[in-house]
Amino acid sequence: MEFSDVLARRRMVRNYTEESVDRGRLQRVAAAAMRAPSAGNSQAIGVVVVTDEGVRRSIAEIADEPEYVEAGFDPWISKAPAHIVISVSEQVYRDRYSEPDKLRADGSQIEWPVPYWWVDAGASLMAVLLAAVDEGLDAGFLGVHSAPRLSALLGIPGHYRPIGVVTVGHGAPDRRSGSLGRPKKTADDVIHHDHWG
């Protein structure tokens, strides 16, 4: 599939068929998280792939899925045959940037004008979403409603923080989010050359 086609097909899917996902395809989708940028080659992303039905239902409870269903959406979180939970560790970045090759000339650590661990986690998320499309699958993303509960459920180490859950499977007709009714910005609205304005 051409990359432009992958970009065009990517969307947040919120309903899935009962069809399972091939383990090899799922592994390739999850491994895409490792292909995203990593400041200082910190490699502080952790991924948990969840296929167990009971654990997926527990994740759906943590994410307040009943509220989605009451609002007229399908039970897409529990119904998705796979979840990919992406986590990141700020501590790993801080430790990496305490190493000699990353310290300033005066021996101090850089200031973090932008918390690059979140940037890299977002890049990993997008890599996973695009890899799902490339594998002929569909995916959706939901933010973490209770990071401590999700971490406890999945045994995620304390210095890692889950950024959210990617649901993966074969898409079924779904109710589109009301956000889709907003007018799309054009490239001219977003892209500026040489300066803004």
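**A walk through the fold**

From the N terminus on, the elements run α-α-β-α-α-α-β-α-α-β-α-β-α. That gives the protein nine helices and four strands, where helices (H or I, at least four residues) and strands (E, at least two) are DSSP runs numbered from the N terminus. Keep in mind that this is a predicted model, in which local features need pLDDT of at least 70 and side-chain atom pairs count only at pLDDT 80 or more, while totals for chains, interfaces and linings use all residues. Residues are numbered from 1 along each chain as its sequence is written, and side-chain values use heavy atoms, with hydrogens and water left out.

Now for the overall picture. Taken along the principal axes, the C-alpha atoms fill a box of roughly 60 × 45 × 30 Å. Of the 197 residues, 38% count as buried; buried means under 20% relative accessible area, exposed over 50% and partly exposed in between, with a 1.4 Å probe and protein chains only. Look at contacts (heavy atoms within 4.5 Å) between residues at least 6 apart in sequence, and 80% of them join residues at least 24 apart. As for charge, there are 22 positive and 27 negative side chains, and the centres of the two sets lie 1 Å apart. Lys and Arg count as positive and Asp and Glu as negative, with His and the chain ends not counted; each charge is placed at NZ of Lys, CZ of Arg, CG of Asp or CD of Glu.

Let's zoom in on helix α2, residues 23-31, whose buried residues are L26, V29 and A30. Seen down the axis of α2, they fall within an arc of 95 degrees, so they line one face of the helix. The arc is that of the directions from the helix axis to the C-beta atoms. At the start of α2, a side-chain oxygen of D22 comes to within 3.1 Å of the backbone nitrogen of G24.

Most residues other than glycine have a negative phi. Q43, in the loop between α2 and β1, has a positive phi near 55 degrees, and Q43 is exposed, with a relative accessible area of 55%. D194 sits in the segment after α9 (187-190); its phi is also positive, near 70 degrees, and D194 counts as exposed at 85% relative accessibility.

Notes: A polar contact is a pair of N or O atoms within 3.5 Å; within protein, one must be able to donate a hydrogen and the other to accept it, and residues adjacent in sequence count only if both atoms are side-chain atoms.
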